[in-house]
Amino acid sequence: MGERVFDVAIIGAGVSGANIARHLSSYELDVILLEGEEDISFGVSKANSGIVHGGFHHDGRYLKSRLEVRGAAMFDRLADELGFPFQRCGIIAVALHPDDFGALGQLYERGRANGAPGIEMCSRERMLELEPKLTPETVGGLYAPCGGIVEPYRFVFSLVESAIKNGLELRTNWRLESASREGASWRLCASTGSSVLASRIVNAAGLRADEVSQLFSAEDFTIKGRKGQYWLLDRLTRSKPSRVVFPVPSAISKGVLVVPTVEGTVLLGPTATELDDKDDAATTRDELEYILRSARTLIPSISETDVIATFSGTRPVLGEDFMIQRSGLVPGLVQVAGIQSPGLTASPAIGEYVTGLLAQDGLDLVPKQDWRPLLDRAPHARDLSFEELDQLIEINPAWGSIVCRCERVSEAEIVNAIRSGHHTLDGIKFYTRAQMGRCQGGFCGARILQLIMRETGLAAGEITKRGGNTTVIGGVV
Amino acid sequence: MMYGTFDVVVLGGGAAGMASALEMDRRGWRVAIIERESRLGGILLQCIHTGFGLIEFDEELSGPEFAERLSDRIPGSKITVFVGSTVIGFESMEEGKGKAAGQVVTFASAKGVTRLESRAVVLAMGCRERNRGNVRIPGTRPAGIFTAGLAQRLVNIDGIMPGREVVIIGSGDIGLVMARRMAWSGARVHAVVEILPRPSGLPRNVVQCLNDFGIPLYLSHVTTAIKGKDRVRSIEVCPVENGALAISKAFELPCDTLLLSVGLVPENELSRDAGVQLNPATGGPRVDSQMMSSKSGVFACGNVLHVHDLVDNVVEEARRTGAFVSFWLEGTRPSREIKVKAGSKVRYVCPGSLDPASNNQVSLRSLVVKDGAQLEIRAGEIVVKRIMKNHVRPSEMITFNLGTTELGALAHIDDATIEISIP
């Protein structure tokens with residue numbers, strides 16, 4: 001028997017790669033998803049604002065704008081099928097000075113032209129009614145009722161689980177090192193020595209898309225990193241708005257937002273700094289202070305005493321627009337590069353669009369008769385009624401052992417995450433939310449290490465925070 | 001679902017929970033303790049150093065020994081203990097039409113979900129460590145950052161070393177104790193970095209845990225960045241001079257492990273859910289002279305009320321609270337209360353009101369370091385009492401008594417308020 005040749009290899013298991021994989025999983029195709037990090041969603045997709053945008057930020061002549069509007073409309077069905085946390089809470093943009101109405105009017109017209117449903121210009125009174133926590137300095141604003149919030153990593157996990165259920169192969173810790181022609185196919189080799197044969201390639205490598213393109217001797221471009229810093233506030237904060245709150249945006253950035261996350265905490269940010277080093281993920285004193293000041297101009301009651309974490313995320317920037325196209329130099333390669341904001345919103349439409357590009361390249365799309373779009377809903381202790389939790393404990397007592405008190409995550413959920421392949425501390429955090437609450441792992445960290453050791457047989461010194469050299473523990477006493 | 005009824009349900013089986021429960025049991029009430037961990041004792045179980053019990057038992061004990069002194073008395077009592085049990089719901093019902101005030105506590109364990117009804121609840125959940133986000137230290141997010149308490153648990157209970165080249169941020173007591181513990185276990189502790197001009201922990205811990213081991217303590221130094229991509233590589237530290245960062249004097253301390261001992265906060269999420277009013281100065285419930293919160297029948301003691309220095313003081317407070325709960329269950333209430341407020345140079349006073357007809361124990365913390373200080377207790381223009389103190393400092397809780405001698409005269413003045421200050 002000859003070596004298996006995949007119809008498509010997708011490089012990068014972020015939100016773009018995951019949507020492409022999930023879309024392709026509905027056709028009779030052999031698809032493999034290759035991720036360089038220890039877990040999926042560990043790159044750009046793990047740290048962003050988690051917003052489904054309202055369709056008013058970008059001019060319709062851009063591909064990103066068209067994909068944003070199309071993608072935003074696809075979220076309801078995806079959330080129904082996959083069960084990831086998503087809510088159309090609406091977005092407001094706040095004018096603090098009458099001069100802001102000029103810019104807001106442009107956003108409104110743009111939203112109308114893009115077909116953003118229900119978009120509305122608002123008086124001061126209307127704004128304060130929509131969001132009573134807003135500053136009394138508010139003079140008016142814009143309301144996009146169809147904007148929403150999503151937990152980006154859970155979105156990626158659900159997409160990939162659904163695709164795996166429909167035949168996708170996934171390799172993590174699989175970093176592409178070389179690519180060479182082998183007959184009609186590509187031979188992809190990883191740093192670990194393993195290799196894969198595939199007929200067509202999708203480059204969805206996020207911050208590394210430029211390096212991947214070079215490995216194929218395809219288009220020569222440079223991805224710049226644009227770092228955004230964030231505060232995370234405790235779910236008990238009194239300053240949680242009920243909608244996503246934007247300032248009036250500037251030319252280079254949408255500004256510092258106040259985002260009520262779909263899981264109940266609040267995000268403040270992001271800033272926007274062009275990076276020389278794409279791996280520079282450090283937060284800085286000046287920018288963190290700037291975030292607090294900026295957020296308080298929108299919601300004055302925001303307090304630094306509610307802060308439970310600070311972090312940064314890096315957007316892959318390549319010019320003004322997304323670059324999603326069949327390579328002009330290398331047949332069989334589709335480039336999905338420069339997917340910065342509104343990439344998360346656009347991602348379901350990117351999945352569809354890239355599938356179309358692959359078809360243009362000659363990929364035969366035969367719908368699967370037995371495609372199963374629905375994922376089983378995994379219960380979470382925090383969302384269950386007392387009676388429901390009691391019933392689960394009867395089946396499996398680990399449901400009654402609450403490991404993470406802040407986010408109420410049971411041992412059963414953590415064990416499930418580990419058995420599903422998430423065996424780093426961060427992987428478990430993104431998958432279950434354990435360690436994501438106000439104690440940030442101070443209480444549950446030790447229990448989670450014990451559970452990883454019990455379930456995987458790893459020694460304490462082999463457990464990592466997020467793979468590679470991020471070893472958590474120094475050894476034994 | 002399982003159900004139960006008790007006179008009192010105690011949330012938390014640490015020192016405060018056990019001591020209050022034992023007192024209420026002794027007075028004949030049906031008491032339940034709900035404890036998250038698999039055994040009673042709370043955070044004492046990971047504090048294997050000595051220094052506990054000098055006041056309460058007149059001898060020097062380790063944390064686990066101190067805990068055992070209390071937990072050994074539980075089997076001989078009628079107290080019902082639920083271990084491995086996490087409270088997932090707490091409702092406090094006010095007195096209604098023909099309905100007495102009542103408490104409903106729901107918890108989960110491997111046996112299922114249990115719902116307990118009781119007349120009173122004692123909050124004894126203790127406190128939590130502040131973390132890096134809470135104190136907003138900028139920089140990268142590498143592996144190797146632990147709160148001091150988590151490191152203590154890893155070393156003392158799980159036998160796991162967090163790392164070898166250690167820097168400790170913050171000079172709280174757990175950080176100081178862990179400096180010594182890490183040094184004993186073969187790690188190199190390079191420094192303790194404290195933002196304030198004085199240590200946050202007890203003087204005896206500075207001497208025994210740092211000075212005796214030659215570990216440098218950098219006072220008035222701010223950690224301005226954590227560095228390292230995968231594992232911590234160093235921290236950047238900057239002195240504070242004249243109230244501002246002296247950026248030009250910033251330097252790096254190399255390390256592979258960071259322990260944070262940057263303060264403790266009472267853990268009151270359950271209290272908040274139940275509608276208990278909190279005091280922003282302590283992070284704990286506002287309580288009256290009987291240690292009762294704003295919710296009738298809900299009492300609080302120990303570190304969930306205000307963070308203590310010594311477990312001996314926690315046990316004393318908890319025992320007293322147990323007695324107050326007993327009075328309340330019997331229907332005895334003080335005929336009136338005098339409000340207490342924190343005056344000049346005082347961070348907080350606990351409790352928030354006093355009973356002029358009996359002896360009250362008062363706890364407070366100073367905002368300043370001062371030799372030859374005087375506590376002044378005034379009611380309006382009248383100085384009720386002056387207490388001389390050789391030395392006051394924020395890291396040491398001050399306790400004293402105010403009884404009928406001092407308060408009796410105020411019992412007849414409407415709206416009498418006492419203010420305690422350090423002039």
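In helix α2 of chain A, the buried residues are Lys64(A), Ser65(A), Leu67(A), Glu68(A), Val69(A), Gly71(A), Ala72(A), Phe75(A), Leu78(A), Ala79(A) and Leu82(A). The model is predicted.

**Helix α2 of chain A**

- The cover over the buried residues of α2(A) includes the strands β3 (51-52), β4 (86-87) and β8 (148-150) of chain A, together with the helices α3 (100-114), α5 (152-165) and α8 (343-360) of chain A.
- Helix α2(A) comprises 20 residues, 63-82, and at 1.5 Å a residue these should span 28 Å; the C-alpha atoms at its ends lie 26 Å apart, which agrees with that expectation.
- Just after α2(A), Gly83(A) adopts a positive phi of about 75°.

**The sheet β3-β8-β4 of chain A**

- Three of the elements that cover α2(A), namely β3, β4 and β8 of chain A, also belong to one open sheet: its 3 strands follow the order β3-β8-β4, with antiparallel pairing.
- Strands β3 and β4 of chain A form the edges of this sheet, each pairing on one side only.
- The antiparallel strands β3(A) and β8(A) are joined by 2 bridges. Val52(A) has Gly148(A), in β8(A), as its bridge partner.

- Strand β13(A), residues 224-233, runs antiparallel to β16(A) and is joined to it by 3 bridges. Here Leu232(A) stands opposite Leu267(A).
- Strand β15(A), residues 257-260, is likewise antiparallel to β16(A), with 4 bridges joining the two. Val259(A) stands opposite Leu267(A) in this pairing.
- A hairpin is formed by β15(A) and β16(A), with 5 residues between the strands; in the turn, Gly264(A) has a positive phi of about 105°.

**Chain A as a whole**

- Chain A contains 12 helices and 23 strands.
- The radius of gyration of chain A is 22 Å, close to the 23 Å given by the globule rule for 477 residues, so the chain is as compact as a globular protein of that length.
- Along its principal axes, the C-alpha trace of chain A extends over about 70 × 55 × 45 Å.
- Of the 477 residues of chain A, 57% count as buried.
- Among contacts in chain A between residues at least 6 apart in sequence, 72% link residues at least 24 apart.

**Contact between chains A and B**

- The interface brings 45 residues of chain A into contact with 46 residues of chain B.
- On the side of chain A that touches chain B, at least two residues each are supplied by α7 (285-298), β18 (307-317), α9 (386-395), α12 (445-456) and β23 (475-476) of chain A. Helix α9(A) provides the largest share, 6 residues.
- By class, this side of chain A has 21 nonpolar, 15 polar and 9 charged residues.
- Strand pairing also crosses between the chains: β23(A) pairs with β11(B), residues 160-161, in the antiparallel sense over 2 bridges. Within this pairing, Ile160(B) is the bridge partner of Val476(A).

How values were computed. Residues numbered from 1 in each chain as written. Chains lettered and ligands numbered in written order. Predicted model: local features only at pLDDT ≥ 70, side-chain atom pairs only at ≥ 80, totals over all residues. Contact = placed C-beta atoms within 7 Å. Nonpolar A, V, L, I, M, F, W, Y, C, P; charged D, E, K, R; others polar. Pairing = 2+ DSSP bridges. Expected span 1.5 Å × (residues − 1). Buried ≥ 20, exposed ≤ 12 C-beta atoms within 10 Å, placed from the backbone. Rg over C-alpha atoms; globule rule 2.2 N^0.38 Å.
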